[in-house]
Amino acid sequence: KTKDQLSEIRQKYRQLKQRNKQLRKVNKELDHFLYSTAHDLRSPLTSLSGLVHVMRLENKQPELIHYFDRMDKSIQRQENFIAQIASFSKNKIMKIKSEEIDLSNLLKELIEYHQFIPGADQIKKEITVQNPEDLPFYSDYNRITILLNNLLSNAIRYADFSKPNPFIQMDISIRKTEIAIDF
């Protein structure tokens, strides 16, 4: 009976080892796909950035400068977002990189990033960051950005505009050992 059990354990170990090998291969292929996709998405952005640069050189009208700046900023945000998506695949293998984050500033940037989503201008945004002890907030910048970005993006995209006065309310409380986000 012990021999049979030992044989079964060895067989299951070999199966597990084979499955892990297959999983590593699939993960490697997925990482390659994500890298290629990120590269392919960045290419048109690089072209757009070049076109905006040429338009700046050829058009010296002061009223256009504001629009060129906004185009550049939107392109940069999209490039940053693509970089975050690419880093998301690495998320599972990377250690958390803790750094001090200015949440108020990050939220302002994310709200500005989402201002051109259809309907975003119709939604009142009420964002409060409470930090009564003036504590620094440390977290992984990429992970917290992805989290907050997804919350805001989904709230705007799935807003019910048939109801009066649509709004997004986010209350963030920074505490000594945690952060509470009420959305």
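## The loop between β2 and β3

D134 is found in the loop between β2 and β3, the latter spanning residues 138-140, where helices (H or I, at least four residues) and strands (E, at least two) are DSSP runs numbered from the N terminus. In this predicted model, local features need pLDDT of at least 70 and side-chain atom pairs count only at pLDDT 80 or more, whereas totals for chains, interfaces and linings use all residues. Residues are numbered from 1 along each chain as its sequence is written, and side-chain values use heavy atoms, with hydrogens and water left out.

The phi angle of D134 is near 55°, a positive value in a residue other than glycine. Most residues other than glycine have a negative phi. With a relative accessibility of 68%, D134 counts as exposed; here buried means under 20% relative accessible area, exposed means over 50%, and partly exposed is in between, for a 1.4 Å probe and protein chains only.

## The loop between α4 and β4

N165 is found in the loop between α4 and β4, and its phi is likewise positive, near 55°, in a residue other than glycine. N165 is exposed, its relative accessible area being 67%. N150, by contrast, has its place in helix α4 and is partly exposed at a relative accessible area of 36%. Although N150 and N165 are 15 residues apart in sequence, their C-alpha atoms are 22 Å apart in space.

F161 also lies in the loop between α4 and β4, and at 34% relative accessibility it counts as partly exposed. Not counting residues up to four places away in sequence, F161 touches G119, Q122, I123, I156 and P166, a contact being defined by heavy atoms within 4.5 Å.

Which loop holds I123? The place of I123 is in the loop between α3 and β2, and this residue is buried, with a relative accessible area of 6%. Leaving aside neighbours within four places in sequence, I123 is in contact with A155, I156, A159, F161, P166, F167 and I168. I123 and N165 are 42 residues apart along the chain, and their C-alpha atoms are separated by 7.2 Å.

## The buried side of helix α3

Helix α3 covers residues 103-113, and its buried residues are L103, L106, L107 and L110. An α-helix has 3.6 residues a turn, so residues three or four places apart point the same way.

The buried residues of α3 pack against several elements, namely β2 (124-130), α4 (141-157), β4 (167-174) and β5 (179-182).

## The protein as a whole

The secondary structure of the protein comes to four helices and five strands, and from the N terminus on the elements run α-α-β-α-β-β-α-β-β. The radius of gyration is 23 Å, well over the 16 Å that the globule rule gives for 183 residues, so the protein is more spread out than a compact globule; this radius is taken over C-alpha atoms, and the rule is 2.2 Å times the number of residues to the power 0.38. Taken along the principal axes, the C-alpha atoms fill a box of roughly 85 × 45 × 40 Å.

Buried residues make up 21% of the 183 residues. Among contacts between residues at least 6 apart in sequence, 77% join residues at least 24 apart. The protein exposes about 13,900 Å², of which carbon and sulfur atoms supply 54%, the accessible areas coming from the Shrake-Rupley method with a 1.4 Å probe, with only the protein chains shown counting as cover for residues.
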